[in-house]
Amino acid sequence: MQAKVQTQTKPILRGAVRASLKALTTELRKNYMLYIMVLPGILYFLIFRYGPMYGAIIAFKDYHIQEGILGSPWANPWYKHFKTIFESTYFFNILTNTILISIYKLVFGLPAAIIMALLLNEARITWFKRTVQTVTYLPHFLSWVVVYGIAQAVLSPSGGLVNKALVALGMNPVDFIASPQWFRTVIVASDIWKDIGWGAIIFLAALTGISPHLYEAAAVDGASRLQRIWYVTIPGIMPVVVLVALLNIGNLLNAGFEQIFIFYSPSVYSVGDIIDTWVYRQGIVGFQYSVAAAVGLFKGVVGFILIFGTNWLSKKYTGSGIW
């Protein structure tokens with residue numbers, strides 16, 4: 001009986017496979033230009049994102065450069081390098097720094113981009129709107145080295161503009177960049193200044209999807225300009241706000257290596273040292289590649305849990321999410 005069922009099932013499966021291949025071939029022929037356009041992006045992720053993932057196994061090995069990834073012996077026990085991380089006297093301090101800096105950037109940076117987009121959307125003088133948008137967008141293309149130079153020119157204790165103003169007011173100069181009390185503020189403020197225009201463009205694009213009829217209906221009902229923003233504009237872009245917030249939460253353990261690495265110094269390690277800078281010192285400078293891989297794997301798992309968890313909560317309470 002079982003053999004008979006299997007004999008009858010095989011032709012059905014072959015037919016289903018042929019039908020699927022035929023449908024796929026038809027789709028490729030019909031929209032081949034679109035698939036060619038998408039191909040470079042797919043190859044990028046396959047080669048530079050998914051391909052190197054096999055190297056994550058060194059988190060479970062005592063990796064040696066001479067022996068290679070496959071030739072290096074397995075760690076004993078398998079969680080040896082993870083244990084090294086969690087038993088480090090610095091780990092929970094750098095984990096706290098990473099989370100706090102990321103949360104500060106999200107809590108202050110996201111509303112700043114939304115407010116900028118709303119203000120630009122309400123501007124009625126075209127040349128002024130374009131000028132402000134260009135000026136706020138250009139810093140996104142500056143490297144963090146250039147931004148650090150600008151920060152030094154503004155905040156330097158010897159000749160910075162801010163400290164010159166403080167001295168003129170009879171106050172003592174402050175080394176903002178090297179001060180543990182001010183370092184996180186400088187990091188968050190410089191990040192907002194650099195990326196506020198880029199974030200605003202995303203929300204401006206979302207604003208174009210709001211029907212003008214909603215504004216007309218609100219105006220007919222007697223809604224003021226501020227009420228139209230509150231009851232029409234903000235609800236209209238809320239799905240995009242949720243999407244951006246979820247993506248940022250998924251990257252909670254990525255506080256910005258390049259920015260921190262350029263700005264920080266040993267005097268602010270207590271408040272500015274993050275996971276990525278610690279991994280750089282331990283894994284790259286200290287040649288502890290297995291420990292560095294273990295930290296990267298830990299970050300990936302935490303990010304996976306965060307983005308799935310926040311997406312579930314968002315869909316449950318707001319009705320929208322990433323998927």
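Biologist: Is Phe 298 buried or exposed, and at what relative accessibility?

Modeller: This is a predicted model, in which local features need pLDDT of at least 70, side-chain atom pairs count only at pLDDT 80 or more, and totals for chains, interfaces and linings use all residues. Residues are numbered from 1 along each chain as its sequence is written, and side-chain values use heavy atoms, with hydrogens and water left out. Buried means under 20% relative accessible area, exposed over 50%, and partly exposed in between, with a 1.4 Å probe and protein chains only. Phe 298 has 18% relative accessibility, so Phe 298 counts as buried.

Biologist: How many aromatic pairs does a search of the whole structure find?

Modeller: Rings of Phe, Tyr and Trp (its six-membered ring) pair if their centres lie within 6.5 Å; planes under 30 degrees apart count as stacked, over 60 as edge-to-face and the rest as tilted. The search of the whole structure gives 24.

Biologist: Phe 91 and Phe 298 form an aromatic pair; how many residues apart in sequence are the parts that the pair ties together?

Modeller: The pair is edge-to-face, at 5.8 Å centre to centre and 65° between the planes. Helices are DSSP runs (H or I, at least four residues), numbered from the N terminus. Phe 91 lies in helix H5 (residues 91-122) and Phe 298 in helix H15 (residues 289-317), so the separation is 207 residues.

Biologist: Which ring does the charged end of Lys 194 sit over?

Modeller: A charge sits over a ring if NZ of Lys or CZ of Arg is within 6 Å of the ring centre and within 35 degrees of the ring normal. For Lys 194, the charged end is 5.0 Å from the centre of the ring of Trp 144.

How values were computed
Helices (H or I, at least four residues) and strands (E, at least two) are DSSP runs, numbered from the N terminus.
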